[in-house]
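The sequence and the structure are shown first.

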Amino acid sequence: MKKDTSGKSAALIMQLAFKRSLGLSESSLHSGKAYEVILADYDASLGAAFYCYKKEKEWEGLQKWANEDKGKKVNFLGNGLKNLYRSEHIPFNVFYPLAKLKDQNDYKLNNLVELICGVMSDKVTHIKVEYSGDKKREEYLGDRSSFDAYIQFESENKTIGLGFEVKYTENLIHLNQKNQKK
């Protein structure tokens with residue numbers, strides 16, 4: 001019996017169409033192979049994996065914030081941030097706008113934190129990506145891991161930290177299984 005991959009093929013065709021709709025360079029399409037998810041250096045250098053793609057000032061701001069947050073230069077051309085099927089770029093896409101909101105309208109950010117936690121937020125003090133604490137990782141989290149993102153805030157004279165783990169999954173197996181049952 002021939003294996004039906006029409007669900008997977010349809011998803012791959014949609015992915016290729018989406019990349020083309022963004023206006024990504026032909027090199028990012030890797031000779032038209034729809035399954036390729038690694039951005040070309042050119043597209044990665046313009047921020048194609050980020051919400052601010054084609055918004056030069058916003059992209060520069062995100063890169064500056066990331067470098068200041070990490071205390072070192074973030075490699076936006078590294079495979080982790082160029083691979084659209086990995087989760088490394090997602091915390092920057094979510095938490096950089098929150099960090100901007102902290103500077104622009106901390107009242108709105110405090111309200112958002114309160115909605116997420118159900119705890120009053122007096123002031124958000126830190127928003128970080130790939131954060132393991134201010135101490136050595138072994139001392140803070142008990143291992144060599146880090147949070148993908150971290151928000152720290154003050155509430156009624158207490159410091160509260162929220163650690164976030166981000167996973168990106170696009171499981172096409174269920175599409176294939178549906179097609180096989182027909």
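## Basis and overall architecture

A contact means heavy atoms within 4.5 Å. In the protein, residues 24 or more positions apart account for 47% of the contacts with a separation of 6 or more. The model is predicted: local features need pLDDT of at least 70, side-chain atom pairs count only at pLDDT 80 or more, and totals for chains, interfaces and linings use all residues. Residues are numbered from 1 along each chain as its sequence is written, and side-chain values use heavy atoms, with hydrogens and water left out.

Helices and strands are DSSP runs (helices H or I, at least four residues; strands E, at least two), numbered from the N terminus. On this basis the protein has eight helices and three strands, arranged along the sequence as α-α-α-α-α-α-β-α-β-β-α. Burial is expressed by relative accessible area: buried means under 20%, exposed over 50%, and partly exposed in between (1.4 Å probe, protein chains only). Of the 182 residues, 37% count as buried.

## Helix α3

Helix α3 comprises 15 residues, 56-70, and should span 21 Å at 1.5 Å a residue; its end C-alpha atoms are 21 Å apart, in agreement with that value. The expected span of a helix is 1.5 Å times one less than its number of residues. The buried residues of α3 are E58, W59, L62, W65, A66 and D69. Viewed down the axis of α3, these buried residues fall within an arc of 125°, so they line one face of the helix. The arc is that of the directions from the helix axis to the C-beta atoms.

The buried residues of α3 are covered by elements including α2 (41-45), α5 (89-104) and β1 (123-131). On the face turned away from the buried side, α3 carries the exposed residues E56, K57, K64 and E68. G71, which follows α3, has a positive phi near 75°.

## Packing of α3 against α5

α3 and α5 pack at an angle of about 90°, with their axes 11 Å apart. Axes are lines fitted to C-alpha atoms, for helices over the stretch in contact, and angles run from 0 to 180 degrees between N-to-C directions. The angle makes α3 roughly perpendicular to α5. Angles under 35 degrees count as roughly parallel, over 145 as roughly antiparallel, 65 to 115 as roughly perpendicular and the rest as oblique. From α3 the contact involves E58, G61, L62, W65 and A66, and from α5 it involves F92, F95, Y96, A99 and K100. By class, this contact of α3 with α5 has seven nonpolar, one polar and two charged residues. Ala, Val, Leu, Ile, Met, Phe, Trp, Tyr, Cys and Pro count as nonpolar, Asp, Glu, Lys and Arg as charged, and the others, Gly among them, as polar.

W65 of α3 is buried, with a relative accessible area of 14%. Apart from its neighbours within four places in sequence, W65 is in contact with F92, F95, Y96, A99, I127 and V129. W65 and F92 are 27 residues apart in sequence, and their C-alpha atoms are 9.4 Å apart in space.

## Helix α6 and its surroundings

α5 and helix α6 (residues 106-117) pack at an angle of about 130°, with their axes 6 Å apart. That angle makes α5 oblique to α6. L98, L101, K102 and Q104 of α5 meet D106, K108, L109 and L112 of α6. The residues of this contact of α5 with α6 divide into four nonpolar, one polar and three charged.

α6 has twelve residues and reaches 16 Å from its first C-alpha to its last, close to the expected 16 Å. Its buried residues are L109, N110 and V113. Seen down the axis of α6, they fall within an arc of 100°, so they line one face of the helix. Their cover includes α5, β1 and β2 (147-155), while Y107, K108 and L115 are exposed on the other side of α6. Just after α6, G118 takes a positive phi of about 75°.

## Loop residues

S121 is placed in the loop between α6 and β1 and is buried, with a relative accessible area of 5%. Leaving aside neighbours within four places in sequence, S121 is in contact with N110, V113, E114, F153 and E154.

Most residues other than glycine have a negative phi. K54, in the loop between α2 and α3, has a positive phi of about 70° although it is not a glycine. K54 is exposed, with a relative accessible area of 59%. E156, in the loop between β2 and β3 (158-164), is likewise a residue other than glycine with a positive phi, near 50°. E156 is exposed, with a relative accessible area of 56%.
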